[in-house]
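Here are my notes on the model you sent over. Have it open while you go through the points.

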Number of protein chains: 2
Amino acid sequence: MATAQVMYDFIAEPGNNELSVKEGEVVTLINQNVGGGWIEAQNSRGECGLVPEDYIKVGTAAYPDAYSHKSANNTNNQIANGNNPVSRGGGYSSEPTEGWNSQGHTQHHTGEDDDDDDEWDEDWDDSRSTGGDGDTPVDDEGGATGRNTHTHRKLTLNKFPFSKTINPELFLLAKLPPKGKDRLSIYMGDVGPVWLYSDSPLDCVVADPKKGSKLYGLKSYIEYQVTPNTTNRPVNHRYKHFDWLYERLSEKFGPAVPIPALPDKQVTGRFEEEFIKMRMERLQGWMCRMCRHPVVSNSEVFQLFLSYNDEKEWKTGKRKSEKDECVGPLIFSTIDVEAPELDPIDVEQKCEMYSKFTKTMDDGVKDLLNVGNIHWKRCTGPLPKEYQKIGKAFQNLSSVFNTSGYQGETTLTDALTAAGKTYEEIAQIVAEQPKKDLHFLMETNQEYKGLLGSFHDTLAVHKAAIDKVKEGDKMMLAGKINTQDKVTMAKRTSIMAYTLQAEMNHFHSNRIYDYNRVMQCYLEEQIRFYETIASKLKLALGQFTTL
Amino acid sequence: MATAQVMYDFIAEPGNNELSVKEGEVVTLINQNVGGGWIEAQNSRGECGLVPEDYIKVGTAAYPDAYSHKSANNTNNQIANGNNPVSRGGGYSSEPTEGWNSQGHTQHHTGEDDDDDDEWDEDWDDSRSTGGDGDTPVDDEGGATGRNTHTHRKLTLNKFPFSKTINPELFLLAKLPPKGKDRLSIYMGDVGPVWLYSDSPLDCVVADPKKGSKLYGLKSYIEYQVTPNTTNRPVNHRYKHFDWLYERLSEKFGPAVPIPALPDKQVTGRFEEEFIKMRMERLQGWMCRMCRHPVVSNSEVFQLFLSYNDEKEWKTGKRKSEKDECVGPLIFSTIDVEAPELDPIDVEQKCEMYSKFTKTMDDGVKDLLNVGNIHWKRCTGPLPKEYQKIGKAFQNLSSVFNTSGYQGETTLTDALTAAGKTYEEIAQIVAEQPKKDLHFLMETNQEYKGLLGSFHDTLAVHKAAIDKVKEGDKMMLAGKINTQDKVTMAKRTSIMAYTLQAEMNHFHSNRIYDYNRVMQCYLEEQIRFYETIASKLKLALGQFTTL
């Protein structure tokens, strides 16, 4: 039988017919046709079990590269996005010493495993070379309920599809294709250039996560129900479909519309339910933001995602979308601006202002996240412990008093016990509070952190265009462009500048709405918190006799 | 000129005409008649200045013992009470990292110095061999505003005057003096044996601390105004007079009535005003407790302290009190009990119960003090810092938003700034809160810690008496006592037992009152705290626009 060398450590989950292997170990291949990315192997001690096929290097044949993304078994290989799945964090953890995780990227294993394919997705790999994250399975840190998985994915792919084509020359100097029907309009609103907004805003609900399984229950995945307000008809999507959508949107709109990364990286949680809920919430947040964007929400690919009628339509739409050529800087060619051409100096100043703003806001948001994280830790850790100790100390004193043998003690001791219990309740309230208020504040800022991060590349395209225009004279002298080209470049840079302004205005208006909302929610919950404690203390006070 | 050897390090306070000296150093005595416990000396470098006379050993004459408490200059020597004045603590400190000090005994130097005498007190030293603490001057840790003082007082005097005479035989077997007029009555109340309480309870106010000075302003002291509700006429007392009173009361009543130590040891504070206020508050608390005690409040010495008419009366009364022979265990000979003799086994069980109760309550009180101290530190330290940071983060975000250049931003930024400022205010409220609620809870428990501590020696007298009665038969066999003596002992032990019960019942009734009161105050202030914050947050919330 053929042998293979193990390339990365793999620890089997007990009871799942898997085999633990160590890097460098040689195993004998028993069955290479198991499917789902698994191979049945036997180690030198004669133990048999399943091993992920991309963890081993079979002989000299078949797998010239362990990261080759095609296999004879039609597997959907996993590609890590530079994120180490064993890094740990503990946001929203039930353990009070850990805080809201704004830095760490712990991912939770849900028992869901998407590194194989199913029939529904059989065309998945055909059309793309850089696989998405899939529902990356990760160690859940507990060991017992989860699974230790691939800890050695070293291959980092750039998630930003258009960064290869960041050069805006494609738009500035190219002969553009004829104007199609999908035109994007920018007009002058009260606040300056704005996108054309729809009268009936799109919205959708992400809900009802369901676990599905494959390979006789060995592998499982989560499917979310996505229901848009347009059709009011749910469609099912797995995480990897969201990821596919993200990539399409980034590729197509990225230079004009910063597409925030999917929230997977920040999703943490010790328990499967908690994890699924959190991921769903964040997918909901991401989808909402996309729905709110006039360009994204109107796009064919987004509409397809939300309201395909059947699998056939979905597949056809997917293929079409993946073949779309009007992507990257070319998106600017679809934009109509009804406004006079902008002065290049103005354009540059605006761009610098936006750069500075997004940078300082990013700092501010990170600062708030840091402070919030520290506060989260205190509120769920030492503080409730202290209230608990105060409560215990009161109750303890009450017990001591009860042994006095003195008459007429009970009113005091009962009241003291009640006060003690109240402080234990307060401990509980304090520990639970961050989930009620700080959570949403942190989530919103976390979302903005992602959004602001995605501005970087978008702004880079604009800066490159401005530089190109500045080089105009030099290029003319060098005979690289002619006068007409220069005029065209200035004109097209102006279109880009209007786009950027429309996008920034969109961002600002959303930001004002979002922060207004989140601050109100935070303060409302904080008020409720303080009032709840005050009312509990009032009840406790009432137990004491007025002397 | 005479020379002297320095026995302990002394660090001069700058600008006060003092001279720093080191242990072992030899100084030349310039003027031994400076007075006030000071001697003018010159060191080997020719520097001159004042040195405390009990820090140096003059030649071979005059001071056979550095702690001899008489000097030619009529000084009132300081005697440390086993308390190391350089030990540090920081309760009620303005520095947020330090907590309520329930352990450390830092004392604050007030610029007040009582180790000399003044005319008003010229008979002070004549009548006692163990000087009181006086207003022990201590290092205030700051160095500049305070004074480094006697760090080497190794002599520890037992502050409990009757511990030499803890042996209750004096009462159990002695031929008692004829019954005088000062009889103490115990009768059977609802809760068992109780002291006879006065219909018009005594009370007094300690207020209006005034700084006096001596030696041309070099030395100063604080005088407190004590006004009893009986005469409503204030009398002035310095700390050392309180201390004198404490000693008289302990000596006279200690075996029957535990006299809590004066609060000096726990008094801390970085600033003179704070220190004086705190000491005054605690002297007030101590006086109140004494006033509330039916035996103490009725005693001649206590009445003298509260309501002497002039210096002559005070001095005469002091001398009389110091010569009182009915002190220590003999106090039991002044007690009249109208109740049947108690069974010795009952007596022993009661005594054990009280022992156990005071011990467990002491543990409970210390536990609460520890928890409170930790909470104090958190509430004055990290917690407000965090609220401040949250406030700053909001305000920072508001500033960033203000640079957006987007129209219609100000409603949000104003509201965000207001919210930020509110959290800064909350930080302040949180930091100030312990002084409003935890302070009184800690003070009360601190007082009870002292009170429970003073029970130890009182209970020891009772236990010794019980043991003595148990030895009765053996003593009879040894011919040490006769049958009549044995009967007398049992009878007198019964009187002691009634006294202890009356005292415990007094303690319990006070304890119930005190804890009821302190818990109510604590909860009321806590409610106010939470409600204040809630209402501030409501104002902040109102600034946001409802979208």
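1. Start with α5(B), residues 300-307, and α6(B), residues 311-323: their axes sit 10 Å apart at an angle of about 160°. Axes here are lines fitted to C-alpha atoms over the stretch in contact, with angles from 0 to 180 degrees between N-to-C directions. The two helices are therefore roughly antiparallel (over 145 degrees). Helices are DSSP runs of H or I, at least four residues, numbered from the N terminus.

2. Who makes that contact? Glu300(B), Val301(B) and Leu304(B) do it from α5(B), and Trp314(B), Gly317(B) and Ser321(B) from α6(B). Contact means C-beta atoms, placed from the backbone, within 7 Å.

3. A caveat: this is a predicted model, so local features need pLDDT of at least 70 and side-chain atom pairs pLDDT 80 or more, while totals for chains, interfaces and linings use all residues. Residues count from 1 along each chain as its sequence is written, and chains are lettered from A and ligands numbered from 1 in the order written.

4. Between the chains, 54 residues of chain A touch 54 of chain B. On the chain A side, the elements giving two or more residues are α7 (344-380), α8 (382-402), α9 (410-436) and α12 (483-542). The largest share, 21 residues, is from α12(A).

5. Chain A splits into domain 1 (1-66), domain 2 (76-178 + 188-334) and domain 3 (341-547), with bounds from an automatic or database domain assignment. The centres of domain 1 and domain 3 of chain A, over C-alpha atoms, are 46 Å apart.

Methods: Contact = placed C-beta atoms within 7 Å. Parallel < 35°, antiparallel > 145°, perpendicular 65-115°, else oblique.
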